[in-house]
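Welcome, and please take a moment to look over the model below.

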Amino acid sequence: MRTFFFLLFSLSLIATQLEAQAPIPAEADYTVHNFRFQSGETLPDVRMHYRTLGTPHKDAQGHTTNAVLILHGTGGTGATFLRPIFAGVLFGPGQLLDTSKYLIIIPDNVGHGKSSKPSDGLHAHFPQYDYEDMVVLQHELVTKGLGVDHLRLILGTSMGCMHSFLWGESYPDAMDALMPLACLPVQIAGRNRIWRKMVLDGIRNDPEWKGGDYTTEPRSAIEISADFLVIAGSAPTLMQKDLPTREAADKYLSETLEHQKAGLDANDLLYAVGASRNYDPSVKLGEIRAPVMFVNSADDFINPPELGIAEREIKKVKHGKFVLIPASDETHGHGTHTWARFWQQYLKELMDESEAKP
């Protein structure tokens, strides 16, 4: 699916119109054999699809020195980062992640895109993966699949933001810098937990779901999921500007819901949202060694700034900085994480700092 989570419908329309400008990556699959999930379940083969841009630069010992790992959000794919609002700002000549200088690695996470996922055939019999499983599989892809033992940067959006914190804790010497965008480094609770559980319950309680063994998408489950996803990705100031009348708002909702529903698979969504169930990096934040530039936006429904959590938790990170992007009629709520023009200055600051780090 192109994306359904945390991006406004207008973003997708813009991306479609400008698709011809997107860089063309190399795409491939790496298979992890006999993978054991945290649940104790196993799969003989886990397919990890990935995209790369650029070429590896090697030092005298043959180690890649220019690899950048970019991690997408829940329900998304690596294709998210090929859009002009991201790639057009970062990957071009002279830009911060110029692909003539960096090897960009963009995986589809397990459960997403062209990687192994429930809708491939196992449906609700697919192993119950969690974020730790996803990070381990990313690490397997990078180190064993691509032969990269150290990363210049890990940048992640939304779910990828949460994965970035886990990378910093699980593999503290594996990267020079971390840039988590649009998340909180604590367990998912409060309103964030509640709306996610509403989605999960809405899927499981639909009689047409049939324990995951449906042959056509369960109608109510998809309707409920699409409704919540629209709200989770909303940006109130921008929407008020763009939808100033009842008619405009109703038209937007109708069109957006149809777009959302067209890309949804109930089992894939159930697993993707449920994977956050035991996420909680807060206890080990002090073990992160790399510089961290942590960025949220003030109009983010999922990570509202009034909680004060980001400011509190970043103090645990030895080389951590938190930035809050102010809300405006140009920011995109949670989806601001993919509009690189809003935060590229902070990426430059991070790259400069981590380059100078001995």
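A residue is called buried when its relative accessible area is under 20%, exposed when that area is over 50%, and partly exposed in between (1.4 Å probe, protein chains only).

## About the model

This is a predicted model, in which local features need pLDDT of at least 70 and side-chain atom pairs count only at pLDDT 80 or more, while totals for chains, interfaces and linings use all residues. Residues are numbered from 1 along each chain as its sequence is written, and side-chain values use heavy atoms, with hydrogens and water left out.

## Overall form

The protein chain has 11 helices and 8 strands; these are DSSP runs numbered from the N terminus, with helices (H or I) of at least four residues and strands (E) of at least two. Its radius of gyration is 19 Å, close to the 21 Å that the globule rule gives for 358 residues, so the chain is as compact as a globular protein of that length. Here the radius is taken over C-alpha atoms, and the rule is 2.2 Å times the number of residues to the power 0.38.

Along the principal axes, the C-alpha atoms fill a box of roughly 60 × 50 × 45 Å. Of the 358 residues, 56% count as buried. Take the contacts (heavy atoms within 4.5 Å) with a separation of 6 or more: residues 24 or more positions apart account for 78% of them.

## The disulfide

How many disulfides does a search of the whole structure find? There is 1, a disulfide being a pair of cysteine sulfur atoms within 2.5 Å. It joins cysteine 161 to cysteine 183, with an S to S distance of 2.0 Å. The pair links distant parts of the chain, 22 residues apart: cysteine 161 is in helix H4, and cysteine 183 is in the loop between E6 and helix H5 (190–204).

The link between cysteine 161 and cysteine 183 is left-handed, with -60° about the S-S bond. Both cysteine 161 and cysteine 183 are buried.

## Salt bridges

The structure holds 17 salt bridges, each with a side-chain nitrogen of Lys or Arg within 4 Å of a carboxyl oxygen of Asp or Glu. One of them pairs aspartate 173 with arginine 289, the closest N and O atoms being 2.7 Å apart. Aspartate 173 lies in the loop between helix H4 (159–170) and strand E6 (178–181), and arginine 289 in the loop between helix H9 (266–274) and strand E7 (292–297), so this pair ties together parts that are 116 residues apart in sequence. Aspartate 173 is exposed at 53% relative accessible area, whereas arginine 289 is partly exposed at 43%.

Glutamate 349 and lysine 321 also meet in a salt bridge (2.7 Å, N to O). That pair links distant parts of the chain, 28 residues apart, with glutamate 349 in helix H11 (residues 344–356) and lysine 321 in strand E8 (residues 320–325). Elsewhere, Glu27, Arg51, Asp108 and Lys114 are linked in a network of salt bridges.

## Helix H8

The end C-alpha atoms of H8 are 24 Å apart, which agrees with the 24 Å that its 17 residues should span at 1.5 Å a residue; the expected span is 1.5 Å times one less than the number of residues. Its buried residues are Tyr252, Thr256, Leu257 and Gln260. They cover an arc of only 125° around the axis, which puts them on the same side of H8; the arc is that of the directions from the helix axis to the C-beta atoms. The face turned away from this buried side carries the exposed residues Glu247, Asp250, Lys251 and Ala262.
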